[in-house]
Amino acid sequence: MSDLVPALPTGSTPHGATEPPLITVTDLDIRLPDGPVLLPKTSARIHAGHVTALMGASGSGKTTLLRALVGHLPAGAAATGAVDVLGRTPHLLPTDELRILRRHSVAYVGQDPGSALNPRMTVRSLVAELATDPSPEKALALLAECSLPAHTGIADRRPTALSGGQQRRVALARALARTPHVVLLDEPTAGLDTAVRDEIAQLLSHIAASRNIAFVIATHDPRLVESCADRIIRLTSAVPPASQPSTGQNDNADEPHGRPDGDGLAARAIDAHFRVGHRQRPVLTRVSFTAAPGSATGIIGPSGSGKTTLLRVLAGLHTTHTGQLALDGRPLSARVQRRTREQQRRIQLVPQNPLAALNPRHSVAQQLTRPLRLHADVPRSVHAGRVTELLARVDLPAGYAERYPAELSGGQRQRVSIARALAADPGFLLCDEITSALDADTATGIMDLLSRLCTERGMTLVVVSHEHHLIARYTDSVHMLDAGRVIESGPTGRILSG
């Protein structure tokens, strides 16, 4: 069940609370036949001019509720109860009417807004594309309203040349361009530093009041809720607790590996850039990095400092750079396609948004079998057994092999994403903000899992995160980036003690 909790002093009445709600949800329950409950029975009322926060543990149904409000139920899912959005039931609307509702009345911005931005279009064109008023002046005004003023030159950049925070604000400007009554935001501050989080909070409060828009945000960020939410809806998870962590003594598991010898993964004097039209925008400048064998290394810094780009350079996915890469003291190609099969196997990237990285049409078993085919020299007859072992390694039951990404919570998807990387038996695991959209308990569970796996298998762990308490607890050394430069490196305790 959900609890509706005012985020206001006792006895106070939020503006507009006496007006009819734009959205009414009554005992809404969404589940898959013979499968998991995606949203336990939930009731809520959403008013214009308010910021309403959806909170709850991973798996409690926050994203499912947001998507239900735009009529996007997972394939095969059944809904009971009632949902009224501006007088309509979205998932029962004919296709044409649902398209009109989404186009003009209810805007949705997902957890990874950058993936929805066409990389070939400029920011100016992306905003004008959906606008009720597509004039250049209106596009610039919308960007300025979302704290992206014209003098920054953002309007003429492409999405790949933007930081995560900038991409989120562009996605918000696109949503507002439709002049909607309701805007739904899924984890709008995930992966952002504290300063950008505060800017987003102020922005939402201002726009909700000035435009009389209803914002509904799914979030694990208590600071965001405290800063801008008028009301809180707390969802209670129907997902059973995760199994207890493995002790590493599973008779069917592989024997733990010892820590590998060698020089580890290194980058020297990396200058990386994004192409903006005919120009190049620098994103990393003279960056050097080393992850020693068997170590856990953190990469920290404000949004836009180049952390994700550095990971992608190491993984061979961002090739517009100069400088040298090395693996165990030997040259490493900048392009993953030009690396040997063994080098590709040894360096695996776990991205920030597993929902975007996992193929929605493939089951968990299919997702895990592909790297087994590519990198593991094992016969097809043992694939099913290896899938079961991989799931056990990330504390998921064997039955999850038949599930699809839409049937999993955020934490479960992240575990599947980790299992897929582990299927290649890597020596280096690169993790990009993998706890940013998870509640505190689930985030700690994921980091405990990675720490245990690194100890058991001798992997080298590289973690990008804004969560400094996790970096402090789980890493040995830290590289701190700012404006594309490494400004400090050293033992974690010394770097974070100040």
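Biologist: Which residues in H3 meet H4, and which residues in H4 do they meet?
Modeller: On the H3 side they are Val123, Arg124 and Val127, and in H4 they meet Ala139, Leu140, Leu142 and Leu143. Contact here means heavy atoms within 4.5 Å. Before we go on, this is a predicted model, where local features need pLDDT of at least 70 and side-chain atom pairs count only at pLDDT 80 or more, while totals for chains, interfaces and linings use all residues. Residues are numbered from 1 along each chain as its sequence is written, and side-chain values use heavy atoms, with hydrogens and water left out.
Biologist: At what angle do the axes of H3 and H4 cross?
Modeller: Roughly 105 degrees, with the axes of H3 (residues 123–130) and H4 (residues 136–145) coming within 9 Å. That makes H3 roughly perpendicular to H4. The cut-offs are under 35 degrees for roughly parallel, over 145 for roughly antiparallel, 65 to 115 for roughly perpendicular, and oblique for the rest. Axes are lines fitted to C-alpha atoms, for helices over the stretch in contact, and angles run from 0 to 180 degrees between N-to-C directions.
Biologist: And H5 with H6, what's the crossing angle there?
Modeller: Roughly 10 degrees, and the axes of H5 (residues 164–177) and H6 (residues 194–211) come within 11 Å. H5 is therefore roughly parallel to H6. The H5 side of the contact is Gly165, Arg169, Leu172 and Leu176, and the H6 side is Val196, Glu199, Ile200, Leu203, Leu204, Ile207 and Arg211. Those residues divide into seven nonpolar, one polar and three charged.
Biologist: Stepping back, how many helices and strands does the chain have?
Modeller: There are 16 helices and 19 strands. Both are DSSP runs numbered from the N terminus, with helices being H or I of at least four residues and strands E of at least two. The chain has 498 residues, and 53% of them are buried. Buried means under 20% relative accessible area, exposed means over 50%, and partly exposed is in between, using a 1.4 Å probe and protein chains only. Of the contacts with a separation of 6 or more, 72% are between residues 24 or more positions apart.
Biologist: Why do you call H8 largely enclosed?
Modeller: Because seven of the nine residues of H8 (residues 307–315) are buried. The buried ones are Lys307, Thr309, Leu310, Leu311, Val313, Leu314 and Ala315. Just after H8 comes Gly316, with a positive phi of about 80 degrees.
Biologist: Is Arg286 buried or exposed?
Modeller: Arg286 counts as exposed because its relative accessibility is 56%.
Biologist: What else does Ala68 touch?
Modeller: With residues up to four places away left out again, Ala68 touches Leu28, Ile30, Leu73 and Pro90. Ala68 lies in H1 and counts as buried at 1% relative accessibility.
Biologist: And what about Thr64, buried or exposed?
Modeller: Thr64 is buried, with a relative accessible area of 16%.
Biologist: Last one: what sits over the ring of Tyr400?
Modeller: The charged end of Arg403, 4.0 Å from the ring centre. The rule for that is NZ of Lys or CZ of Arg within 6 Å of the ring centre and within 35 degrees of the ring normal.

Conventions:
Nonpolar A, V, L, I, M, F, W, Y, C, P; charged D, E, K, R; others polar.
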